[in-house]
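Let's take a friendly walk through a protein model, one feature at a time. Have a look at the picture first, then read on.

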Amino acid sequence: MKIKQFFKLKSVKNIYFLFLIASINFIEAQEVHVYKSGGSYNTVSAALQAVPNGGTIIVHEGVYYENVQINNLQATANNPLVIKANPGDHVVFDGTDTIDVNWSTYSGNNNILESEPISRHIWQLFVNSTMQINARWPNADNPFDEFDNSNWWDRHESWCKAVKEQSGFEEVGGVKRGWLTENGRQNMAATGIDFNGKIAVLNVNSMESYSGFIKNHEVGSNYFEYQLHQSVYNGLNASNVATIHKNRSHAYFFFENGLDLLDVPGEWYYDKDTKKIYVYPLNGINLSSAVIRGKSVSYTHLRAHET
């Protein structure tokens, strides 16, 4: 009888011990994996739903596009939330999304391809990982292909210079306006381009640059007026206005935002009204088979909200 009771007790102890082990395993940090394709999770946001009490999310090779928000997380110091790349994998969150559309030859120029409308606005384009240049005048080399030799950084080569005595900025009756006259070195007048409605990138003070919408330009003229974006206006006071052109001998500018500025390989233009992309491909690039990505998010946010 005593022996029988002994085995019963031992049996109960073993069952309790096994249950304790199972419980410990259950509360250990959970590990989930994110894959660009395949697998149980294809985004960090989806994987977060699987680890509400903390755990480890391992992200595998790929370029990901998402805005991650961490809500109602019950992680602790002993069981934290960890998000990390799989060892040896190249994981990128860069705010770009794949653009998979059909392309056709643009009727205005056989060297330019026109896309179908895309689903969201973009402001930067990459073709086979190479950044394309916003269509601009004067033209400029890609700033990153040959960094040391690119004329992008040379204002005398890829910018226009203003004539000091024929340029200025003023506020009259609450209206702020600027005007510039190109010195003729780039020969703006000879382009035959109507610059009205385009955007000027304005380095009109040695320490500050602005962007402004072009107004009152006549084709064949080196003179134009510009209007700064309202958000810039909102931040200007009388002192700022006086500062913008305090050194007018140091006023440089170039133009963007025009399909008629798209004229060399490696440039692109986006029409916000039609949501179409126009590209002048680099030599040997077939857009139909290229990997094309557009940036529509400036930052990939990992935002945590307390509960």
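## A tour of the model

Phe147 counts as partly exposed, at 48% relative accessibility; on this scale, buried means under 20% relative accessible area, exposed means over 50%, and partly exposed is in between (1.4 Å probe, protein chains only). You'll find Phe147 in the loop between β13 (136-137) and α3 (155-158). Together with Phe144 and Trp153, Phe147 makes a nonpolar surface patch of about 370 Å². To get into a patch, residues need over 30% relative accessible area and no salt bridge; nonpolar side chains (Val, Leu, Ile, Met, Phe, Trp, Tyr) are joined within 5 Å, and like charges within 9 Å. The areas come from the Shrake-Rupley method with a 1.4 Å probe, and for residues, only the protein chains shown count as cover.

Before we go further, a word on where this comes from: this is a predicted model, where local features need pLDDT of at least 70, side-chain atom pairs count only at pLDDT 80 or more, and totals for chains, interfaces and linings use all residues. Residues are numbered from 1 along each chain as its sequence is written, and side-chain values use heavy atoms, with hydrogens and water left out.

**The big picture**

The protein chain has five helices and 24 strands. These are DSSP runs, numbered from the N terminus: helices are H or I with at least four residues, strands are E with at least two. Of the 307 residues in the protein chain, 36% are buried. The chain exposes about 18100 Å², and carbon and sulfur atoms supply 50% of that. Now take the contacts (heavy atoms within 4.5 Å): among those between residues at least 6 apart in sequence, 61% join residues at least 24 apart.

**Inside the protein**

Which residues have the most contacts inside the largest nonpolar core? They are Leu180, Phe195, Leu202, Phe224, Tyr226, Phe253 and Phe255, in a core of 27 residues. Two or more residues of this core come from each of β17 (199-205), β18 (208-215), β19 (223-228), β20 (252-256) and β22 (276-280). There is also a second, separate core of 15 residues, which includes Ile99, Val101, Leu113 and Ile118. A nonpolar core here is a set of buried Ala, Val, Leu, Ile, Met, Phe, Trp, Tyr and Cys residues joined through side-chain atoms within 4.5 Å.

Is Ser296 buried or exposed? Ser296 is buried, because its relative accessible area is 14%. It sits in the loop between β23 (292-295) and β24 (302-304). Leaving out residues up to four places away in sequence, Ser296 touches Tyr65, Gly95, Arg120, His121, Ile122 and Trp123. With Tyr65 there is also a polar contact, side chain to side chain, at 2.6 Å. A polar contact is a pair of N or O atoms within 3.5 Å; within protein, one must be able to donate a hydrogen and the other to accept it, and residues adjacent in sequence count only if both atoms are side-chain atoms.

**Charged partners**

Side chains of opposite charge can pair when their charged atoms come close. A search of the whole structure finds six salt bridges, each being a side-chain nitrogen of Lys or Arg within 4 Å of a carboxyl oxygen of Asp or Glu. Here are some of them:

| Pair | Closest N and O atoms |
|---|---|
| Glu114 and Lys276 | 3.0 Å |
| Arg185 and Glu157 | 3.7 Å |
| Glu225 and Arg177 | 3.2 Å |

Glu225 in strand β19 and Arg177 in strand β16 are 48 residues apart, so this pair links distant parts of the chain. Glu225 counts as buried at 16% relative accessibility, while Arg177 is partly exposed at 29%. Salt bridges that share partners join Glu170, Arg177 and Glu225 into one network.

Arg185 is exposed at 54%, and Glu157 is partly exposed at 40%.

A cis peptide bond joins Trp137 and Pro138, with omega about -5°. Pro138 is in the loop between β13 and α3. Asn72 is not a glycine, yet has a positive phi of about 55°; this residue lies in the loop between β4 (68-70) and β5 (81-85). Ser129 also has a positive phi, near 70°, and is found in the loop between β10 (124-127) and β11 (130-131).
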